[in-house]
Amino acid sequence: MGEGDGQDRLPASRRPRPEGKRFQRRGPTGEVVVGGHPLGDGDDAGLGVLHADLDAFYASVEVQKDPKLRGRPLLVGGTGSRGVVSSASYEARAFGCRNAMPMGQARRLCPAAVAIPPDFASYRAYSKRVMTLFQSVTPLIEPLALDEAFLDVRGARRLLGGALQIARLLRARVLEETGLTLTIGVAGNKFLAKLASTRGKPDGLFVVPPSRSLDFLHPLPAEALWGVGPATIASLARYGLGTVGDVARTPRETLERVLGPAVGAQLAELAWGRDDRPVVPFEAAKSVGSEETFASDIDDPERIAREVLRCAVRVGQRLREAGLTGRTVTLKLRFADFRTITRSRTLPAASDNDNQLFIVARELLHKLRLGRTPIRLVGVSVSNLAGEGAPVQLELRNDGAAWAAAVRAADAVRARFGDGALDRASLAADRPEEAFEEARQAPRPRRERLVNPDER
């Protein structure tokens, strides 16, 4: 059937959109191609960048862990009165819930939603599995978070086919091997690929052929441009620039005068779909940290110190997981009036030892002489990072090797049985016997026989 056949019989909501907004969704696969007709040879050759984004990642992982949650509105995040939604399932989003919304507000919008605290160990494990699948296609992967990455697949064309075929392959493999749905934007550069995946959500494959990129781009609102925030939107609106096309038709000199040389030049390029940034396979982390926001302000010095210890333990574990060590320890405190301060100290040698990190952070805390000052948030981070092979300062007063072995054994237990399986006694609870009883009553993880992939 041609594009115009039978259009009059369709309801208005399903009639094709005007040129520039017309997409064709192909069957149940969720595929959309801008322009609504097959790719030409030139377009296929010009597609080489994918933006892959897992759908409602944290919530989707929780469903894989507990299939009884499937189809129910689900909120992942802090469950206390000051908690924030980290991930909302699409069933919850139908009620207006969204990421970064206060949990209390989300629960009011959807009283039937199930609220679950985050399980970052599981999220990291699933992310690693997905990234391994990406690596089977191309080494040119630029992770942006646990759940999304850019891929440059131009070098895989001879082996696996064009970018569209590779995107189909990845979506199918991720679904088959992890149970998670993956949305992919396919375009000629990172900017357009990111826009495409956003408009392909959820569980979609959205393709922007180079010859039709301006038809797709110019009708979009100006805030679709990368780096445009509220202040820039207000400046553009004062000049009547509401769409990307409006920005594209404005002289570069005018944009630079209104927005500044750097921002004006950037928007002038992006508005014409030009983005020459390469996919960067790896960018070293600048810091590793952990923060804890309290359900209600606390002013007990002992409890504050215990929460600093909790953060230090998490940071040490994350450093070891990443194969990193660091020299600069930073303590972060946020007071009841939202005033935030940081204090830092640099170690003589890099470390991933959470006990050493805690000692430094505790000394920084004591020097502040807070007394009974109410605290809303504490955090510990480590920067000035290096690889595990960095020189280590030996200490004669204790056996550093024994402690390193102990914390790595604890890491192994947590990796197998979850973050709550093992912790320091001082972090158990105000009444340790209650924490012990809770752990004793908790259901044990079921051990499953390892299956040879060839036997499946």
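**Buried cysteines and the rest**

Author: C311 has a relative accessible area of 0% and is buried. Buried means under 20% relative accessible area, exposed over 50%, partly exposed in between, with a 1.4 Å probe and protein chains only. This is a predicted model, where local features need pLDDT of at least 70, side-chain atom pairs count only at pLDDT 80 or more, and totals for chains, interfaces and linings use all residues. Residues are numbered from 1 along each chain as its sequence is written, and side-chain values use heavy atoms, leaving out hydrogens and water.

Reader: Is C97 buried or exposed?

Author: The relative accessibility of C97 is 3%. The limit for buried is under 20%. C97 therefore counts as buried.

Reader: How many disulfides does the rule give?

Author: A disulfide here is a pair of cysteine sulfur atoms within 2.5 Å. The count of disulfides comes to zero. C97 is in none, and its nearest cysteine sulfur, that of C110, is 5.1 Å away.

Reader: What is the mean pLDDT of the chain?

Author: pLDDT is the predictor's confidence in each residue, from 0 to 100. In this chain 79% of the residues reach 70 or more. The mean is 82.

Reader: Over which residues does pLDDT stay under 50?

Author: A contact means heavy atoms within 4.5 Å. One such stretch has 40 contacts beyond four places in sequence, and it covers residues 1-28. Another has eight contacts beyond near neighbours in sequence, and its pLDDT is below 50 over residues 431-456. Where pLDDT is low, the predicted coordinates should not be read in detail.

Reader: Which residues have the most contacts inside the largest nonpolar core?

Author: A nonpolar core is a set of buried Ala, Val, Leu, Ile, Met, Phe, Trp, Tyr and Cys residues joined through side-chain atoms within 4.5 Å. The largest has 40 residues. Those with the most contacts inside it are L50, F134, L151, L170 and V186.

Reader: Which residues does L151 touch?

Author: Residues up to four places away in sequence are not counted. The remaining partners are G48, V49, L50, A52, F134, T138, L140, I141, L170 and V279.

Reader: Why do the buried residues of α10 line one face of the helix?

Author: Helices (H or I, at least four residues) and strands (E, at least two) are DSSP runs, numbered from the N terminus. In α10, residues 230-238, the buried ones are T232, S235 and L236. The arc is taken from the directions from the helix axis to the C-beta atoms. They line one face because, seen down the axis of α10, they fall within an arc of 95°.

Reader: What covers the buried residues of α10?

Author: The face turned away from the buried side carries the exposed residues P230, A231, A237 and R238. The cover of the buried residues includes α11 (244-248), α12 (252-259) and α13 (261-270).

Reader: How many bridges pair β7 and β8?

Author: Two strands pair if DSSP finds at least two bridges between them. β7 and β8 form a hairpin with two residues between them, and P143 stands opposite A149 in β8. Strands β7 (141-145) and β8 (148-152) are antiparallel, and their bridges number four.

Reader: Which residue in the hairpin of β12 and β13 takes a positive phi?

Author: β12 (324-335) and β13 (340-351) pair in the antiparallel sense over eight bridges. L331 stands opposite R343 in β13. The hairpin has four residues between the strands, and the positive phi, near 75°, belongs to F338.
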